[in-house]
Number of protein chains: 4
Amino acid sequence: MEYRRMGRSGLQLSVLSFGSWVTFARQTDDDINDRLMSIAYENGVNFFDNAEVYSAGKSEEMMGRILKGKDWDRSSFVLSSKAFFGWKGEDKKPNQHGLSRKHLIEACDEALQRLQVEYLDLYYCHRADKNVPIEEVVRTMNVLIQQGKIFYWGTSEWSASEIVEAHMIARELGLEGPSVEQPEYNLFNRRKMESEFLSIFENIGMGTTIWSPLASGLLTGKYNNGIPDGTRMSLEGYEWLKDRALLNDKISRVMQLGDFAQELGVSLPALSIAWCIKNPNVTTAILGATKETQLLENFKALEVLSLLTENVMERIDDIMGTKPELFR
Amino acid sequence: MEYRRMGRSGLQLSVLSFGSWVTFARQTDDDINDRLMSIAYENGVNFFDNAEVYSAGKSEEMMGRILKGKDWDRSSFVLSSKAFFGWKGEDKKPNQHGLSRKHLIEACDEALQRLQVEYLDLYYCHRADKNVPIEEVVRTMNVLIQQGKIFYWGTSEWSASEIVEAHMIARELGLEGPSVEQPEYNLFNRRKMESEFLSIFENIGMGTTIWSPLASGLLTGKYNNGIPDGTRMSLEGYEWLKDRALLNDKISRVMQLGDFAQELGVSLPALSIAWCIKNPNVTTAILGATKETQLLENFKALEVLSLLTENVMERIDDIMGTKPELFR
Amino acid sequence: MEYRRMGRSGLQLSVLSFGSWVTFARQTDDDINDRLMSIAYENGVNFFDNAEVYSAGKSEEMMGRILKGKDWDRSSFVLSSKAFFGWKGEDKKPNQHGLSRKHLIEACDEALQRLQVEYLDLYYCHRADKNVPIEEVVRTMNVLIQQGKIFYWGTSEWSASEIVEAHMIARELGLEGPSVEQPEYNLFNRRKMESEFLSIFENIGMGTTIWSPLASGLLTGKYNNGIPDGTRMSLEGYEWLKDRALLNDKISRVMQLGDFAQELGVSLPALSIAWCIKNPNVTTAILGATKETQLLENFKALEVLSLLTENVMERIDDIMGTKPELFR
Amino acid sequence: MEYRRMGRSGLQLSVLSFGSWVTFARQTDDDINDRLMSIAYENGVNFFDNAEVYSAGKSEEMMGRILKGKDWDRSSFVLSSKAFFGWKGEDKKPNQHGLSRKHLIEACDEALQRLQVEYLDLYYCHRADKNVPIEEVVRTMNVLIQQGKIFYWGTSEWSASEIVEAHMIARELGLEGPSVEQPEYNLFNRRKMESEFLSIFENIGMGTTIWSPLASGLLTGKYNNGIPDGTRMSLEGYEWLKDRALLNDKISRVMQLGDFAQELGVSLPALSIAWCIKNPNVTTAILGATKETQLLENFKALEVLSLLTENVMERIDDIMGTKPELFR
């Protein structure tokens with residue numbers, strides 16, 4: 001396993017990590033997830049990603065039960081949670097979501113309880129919140145750091161200028177800005193990582209823990225013959241994945257990429273994940289496997305990495321046609 | 001004439017202003033420009049925009065000669081220049097362009113000499129410069145403010161996050177960040193003003209002095225029958241305008257918009273300019289006329305403004321198809 | 001016993017102190033260390049030095065057990081630990097060493113547990129870490145101070161400019177920089193204390209808790225006839241001490257110094273230790289004895305101090321030939 | 001000519017530059033220096049270095065007369081001076097030397113007069129001054145920047161920790177620290193550039209304008225047969241160069257390096273200068289020629305640069321034996 005510094009921070013993350021985005025407490029049970037986390041840990045994964053909203057808190061509870069049963073030293077892994085959406089779904093009340101001090105602190109305490117740990121290594125603002133001043137967010141995150149409940153704070157799906165605004169406020173107050181952003185990044189979604197964020201990588205030094213390296217499974221090739229029932233894309237609550245995919249065009253590109261992967265002698269998902277971590281501004285790609293074979297297949301991305309020469313990268317750009325124009 | 005505060009600053013700019021982007025010392029001479037500036041001034045324009053690079057310094061020299069001949073009170077108008085490209089073209093040496101302290105200060109002194117004034121009201125960084133730390137830019141602009149050589153400083157064609165980075169440094173040092181950005185904005189180029197910059201309008205309070213409200217003349221309809229010789233688009237040094245325009249598609253939309261203008265009983269350029277200043281985040285739209293009739297036609301945008309109801313705006317969006325997707 | 005202010009801080013340290021560098025849990029057992037610590041305490045030593053890496057955590061555990069058995073008021077002594085190397089040796093994982101926030105905080109908690117105390121008086125960065133921004137270190141140490149887990153923080157074997165960089169960041173943020181540095185200092189290793197650090201003593205006011213006053217035992221004279229088995233220099237893991245010593249030349253100087261000590265009527269180690277604490281920039285010299293007689297002998301340095309006139313000091317310089325050239 | 005950014009500043013300096021250390025107004029006259037400066041400028045040199053103490057002010061006067069006669073655009077070159085030693089030699093009074101505000105400002109005004117320019121691009125503290133608080137130096141340099149008399153300030157022959165102390169004060173006050181240091185650097189004097197300064201290059205981003213790339217001429221080979229009368233080393237006031245050189249050993253190394261240069265097919269001085277600018281932490285090497293042939297020979301260093309492969313560099317290290325030990 002390769003480890004990378006999370007931006008300019010001192011924290012080291014494995015370049016592949018383990019997330020429980022849609023998998024936990026939903027399609028699977030404790031046993032399978034226990035095995036998946038063990039496989040990940042044994043393969044050198046040191047970052048386990050979570051959020052209050054994943055399966056409405058149940059994902060954290062399951063991860064907490066599993067971690068409890070392990071003899072892993074707490075210092076050997078990095079654990080995260082995220083607040084914004086709340087975990088009560090439609091029933092949530094005014095202060096049970098968003099980035100107010102009340103919700104950020106209460107959500108952190110709840111995550112610590114569900115995960116059965118004393119501190120989170122990373123704590124993210126799961127989205128930006130127009131209804132909370134950035135100063136309140138910055139101050140609250142620094143309170144949590146002071147209290148020893150979190151070590152670093154981050155953002156997820158914020159714009160570059162929102163991130164810099166947080167740093168502006170933080171510097172003005174002598175406080176700590178976000179160290180890490182969690183954006184979507186994959187062969188279909190490149191604009192933020194490869195254009196909008198360039199100046200914050202250079203001038204602020206953010207790390208990134210990217211999600212959806214396989215574009216919601218599209219880059220596994222499993223939708224090449226249409227979307228079967230029972231997959232993530234047909235699950236309740238994720239219809240937007242269906243809408244968002246301009247599926248026809250995308251699937252044709254996936255098929256071409258699959259041919260090219262075969263030419264290289266590697267699998268399509270391993271190639272797609274390796275392509276993500278080839279970008280040095282990616283600290284780690286979060287994998288969201290539901291089966292052991294799938295997870296092991298994804299780890300092969302580490303071996304594929306060395307095949308990604310300049311020529312191969314150009315070939316991929318040609319196939320996908322998604323390289324963002326640089327505005328300067 | 002309507003006047004607007006330049007963002008949260010105290011400066012008031014006329015909502016239509018006069019620029020000398022490609023016109024001066026090139027297609028025209030002192031006499032015609034003298035008349036154009038007088039017409040503008042008499043119609044309430046109080047902002048005259050310039051830059052070191054326009055006609056390689058000659059645009060500033062001509063504007064300086066013209067202003068010298070007027071009896072306009074210096075306090076009655078606002079004058080700008082911009083540094084970055086240098087004015088020596090291919091012969092420029094290492095420190096004769098860019099945003100280093102050396103060039104920013106030397107270029108300011110040179111602009112003051114060419115314009116024959118003691119101070120500039122606005123001084124812009126004409127582009128961002130990856131080879132100069134933003135701190136050096138912020139400090140230098142504040143030195144110039146302290147020395148009384150400029151009143152406010154701004155940026156042109158910077159990204160939202162670069163602008164916020166400048167404010168971050170400025171606040172950290174107790175100095176003044178940029179008050180104004182000069183982006184391109186017109187019916188073909190809306191992404192920055194209507195999406196990327198939203199958080200800086202809200203959180204930083206930047207003003208904008210937008211350029212190219214007629215998309216390099218495309219929105220006058222004059223290219224509807226192709227690009228004749230002798231127009232700006234065929235001038236040496238501006239071939240990029242030609243390349244950039246995906247002309248065929250664009251011209252067809254311009255023709256539809258022309259029909260709609262006729263329906264409204266207004267001219268196409270007046271409609272296009274009015275559409276720009278309808279956006280309250282626009283402080284002023286810089287006009288770049290080369291003929292009196294053209295300039296007078298453009299001023300009619302002020303009257304068109306009241307016709308731009310919600311329905312009209314939606315109709316325009318439908319015709320143009322350029323409304324940017326909001327990412328949140 | 002003489003007590004000195006630790007630099008410009010308010011803390012008072014005995015000029016001789018007790019360290020457990022290589023001795024604990026290795027060559028000796030609880031009983032002997034219990035007696036050694038009692039002797040030290042009864043002779044006025046108030047500073048007991050430790051680190052996570054000493055005997056892989058066992059040195060702290062033993063010191064914790066011993067302190068538990070004493071009726072010493074916690075306020076009567078000063079206790080330290082240090083983080084950087086980790087305590088897991090070859091098995092350590094990415095975030096189990098270094099100066100990241102994660103390791104500094106986790107290592108502090110672990111040291112508190114092993115030492116069975118509620119706070120450390122001093123907590124050191126055992127080395128500099130190129131992979132962690134100094135700002136992260138400064139902020140984390142201040143978090144620990146805020147949480148009441150440590151009272152002062154320090155550095156060990158940092159360069160002068162790294163120490164000043166830490167103070168630069170600390171002042172910028174209104175936080176507390178390091179109060180104390182722990183460098184090696186003895187008659188064979190004088191450059192840092194007598195040249196490089198001069199400006200930080202004057203301008204920053206650092207205290208120093210110097211280690212290896214007897215140059216790993218070389219200045220006891222015990223290696224004058226070669227290195228016997230069973231001494232520290234032949235212990236596994238400390239071969240580097242052997243490599244580093246250009247033994248032949250050094251031993252000849254030690255023999256001359258021994259003659260001079262005899263001339264003065266004092267022992268060689270007492271003279272060597274007294275020479276260290278003669279330097280007013282030394283707050284305390286950490287002694288690392290393994291036998292009672294040895295420790296008692298070392299305390300005689302306090303009496304030798306008054307013999308160190310200017311002439312004697314020059315004579316020592318002549319014998320050793322190690323006085324650093326001042327660069328200015 | 002290659003140009004490099006001066007550290008993290010935005011200023012660009014030619015990698016070879018022209019100094020008037022001992023040459024001006026002493027061994028030569030206006031005519032020869034006029035030709036030398038023209039040759040330098042025509043070869044792309046854009047930095048001309050000076051100091052109040054060089055020939056007791058006469059060096060600046062001569063450079064001022066020469067520049068006056070040129071039609072070089074002021075923005076096309078970078079001019080420096082330095083204060084500390086004063087220019088009155090033995091007759092100097094208490095405030096006519098050192099780094100007090102009084103001397104720094106008065107010396108700057110005098111340098112501007114002697115050089116007949118309105119501002120200096122670079123202004124150096126020629127040495128550190130224990131009798132002036134660093135805060136006074138930092139504040140004064142920032143006053144001069146505000147007044148437009150200087151653009152950037154620097155230090156010469158300061159220690160790494162003194163430089164960081166200046167930055168510490170500057171950051172605390174929101175002022176500007178030194179951007180550039182002028183140390184001696186050549187194949188006989190490597191410790192500062194290759195060891196002591198490493199952390200300030202990385203963490204502070206200082207540029208360097210190194211002096212004496214030929215070790216006072218020693219690396220030209222001209223002393224290989226002893227020191228003739230009439231050379232710089234025998235000139236009054238430079239006896240220290242003689243004392244400092246452990247000439248015998250050094251000359252033997254120079255002779256071996258000369259053989260190696262011959263093997264490479266290049267001259268000894270070109271090789272020695274190229275070796276200096278091979279170090280990426282060197283912004284520019286200041287050449288101090290007194291003859292046209294010598295200056296032209298030195299410019300050949302630019303061509304030699306590409307020959308300096310890793311192997312060649314190791315070979316040079318072996319011959320010279322001057323590579324500093326890294327302390328970490």
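## Helix α10 of chain D

Helix α10(D) spans residues 268-278, and ten of its eleven residues are buried, so the rest of the structure largely encloses it. Buried means that 20 or more other C-beta atoms, placed from the backbone, lie within 10 Å of the residue's own; 12 or fewer is exposed, and in between is partly exposed. Helices (H or I, at least four residues) and strands (E, at least two) are DSSP runs, numbered from the N terminus.

The buried set includes L268(D), P269(D), W275(D) and I277(D). These buried residues pack against β9, β10, α9 (247-264), α11 (292-299), α12 (301-304) and α13 (310-320) of chain D. Contact here means C-beta atoms, placed from the backbone, within 7 Å.

## Basis of the model

This is a predicted model: local features need pLDDT of at least 70, side-chain atom pairs count only at pLDDT 80 or more, and totals for chains, interfaces and linings use all residues. Residues are numbered from 1 along each chain as its sequence is written, while chains are lettered from A and ligands numbered from 1 in the order in which they are written.

Strand β9(D) covers residues 207-210. G207(D) and T209(D) point one way, T208(D) and I210(D) the other, and all are buried.

Pairing requires at least two DSSP bridges between strands. Two bridges join β9(D) to β8(D) (residues 180-181), running parallel. E181(D) sits opposite T208(D). β9(D) also pairs with β10(D) (residues 284-287), again parallel and over two bridges. There T209(D) faces T284(D).

How values were computed: Contact = placed C-beta atoms within 7 Å.
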